[in-house]
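Morning, everyone. Please have a look at it on the screen.

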Amino acid sequence: MVMNMNYTLDDIGCHFDGAYGFAHNGLRLLMMAGAHGFDWTPIELDNPSDDAYEEFIEEVNDAETFLNEHTTRPDNTHWSWEDGDFGLWQYDEEGELL
């Protein structure tokens with residue numbers, strides 16, 4: 001099932017709270033991007049090697065890029081990490097978070 005790929009100003013804000021940690025939210029981001037059509041490989045994060053964790057970080061970054069390239073959003077909004085939280089954020093003309 002592919003999720004709605006059109007977002008509005010009503011969708012601005014935190015989608016994944018940083019209090020849950022990067023590994024947890026990274027997996028949530030991969031699942032969200034997967035629901036939008038991003039092809040990802042499930043990753044085991046119980047005691048991963050350094051290489052496996054680096055691969056995980058790369059895949060999470062790819063998922064973020066995918067969302068920014070494959071979803072419709074209002075001008076000056078981007079999927080990104082802000083202070084440990086992941087969400088759809090709106091920025092001013094200078095790139096500052098609104």
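What you see is a predicted model. Start with the sheet, which is open and has 3 strands in the order β1-β3-β2, paired antiparallel. The edge strands are β1, residues 13–16, and β2, since each of them pairs on one side only. On average, neighbouring strands of this sheet are turned by 30° against each other, with direction ignored. As a reminder, strands of a sheet pair through backbone hydrogen bonds, either parallel or antiparallel.

Now the pairing of β2 with β3. How many bridges join these two strands? There are 6, between β2 at residues 77–82 and β3 at residues 85–90, and the two run antiparallel. Two of the partner pairs involve tryptophans of the chain: W79 has L88 in β3 as its bridge partner, and W81 stands opposite F86, also in β3.

Next, the turn. The hairpin of β2 and β3 has 2 residues between the strands. Which residue there takes a positive phi? D83 does, with a value near 50°.

Last, the surface. Here we have a negative patch, formed by D50, D51, E54, E55, E58 and D62. One of these residues, E58, is found in helix α2, which covers residues 50–70.

I will take questions now.

Conventions. Residues are numbered from 1 along each chain as its sequence is written. This is a predicted model: local features need pLDDT of at least 70, side-chain atom pairs count only at pLDDT 80 or more; totals for chains, interfaces and linings use all residues. Side-chain values use heavy atoms; hydrogens and water are left out. Patches are made of residues with over 30% relative accessible area and no salt bridge: like charges are joined within 9 Å, nonpolar side chains (Val, Leu, Ile, Met, Phe, Trp, Tyr) within 5 Å. Accessible areas come from the Shrake-Rupley method with a 1.4 Å probe; for residues, only the protein chains shown count as cover. A salt bridge is a side-chain nitrogen of Lys or Arg within 4 Å of a carboxyl oxygen of Asp or Glu. Lys and Arg count as positive and Asp and Glu as negative; His and the chain ends are not counted. The place of a charge is taken as NZ of Lys, CZ of Arg, CG of Asp or CD of Glu. Helices (H or I, at least four residues) and strands (E, at least two) are DSSP runs, numbered from the N terminus. Two strands pair if DSSP finds at least two bridges between them. Axes are lines fitted to C-alpha atoms, for helices over the stretch in contact, and angles run from 0 to 180 degrees between N-to-C directions.
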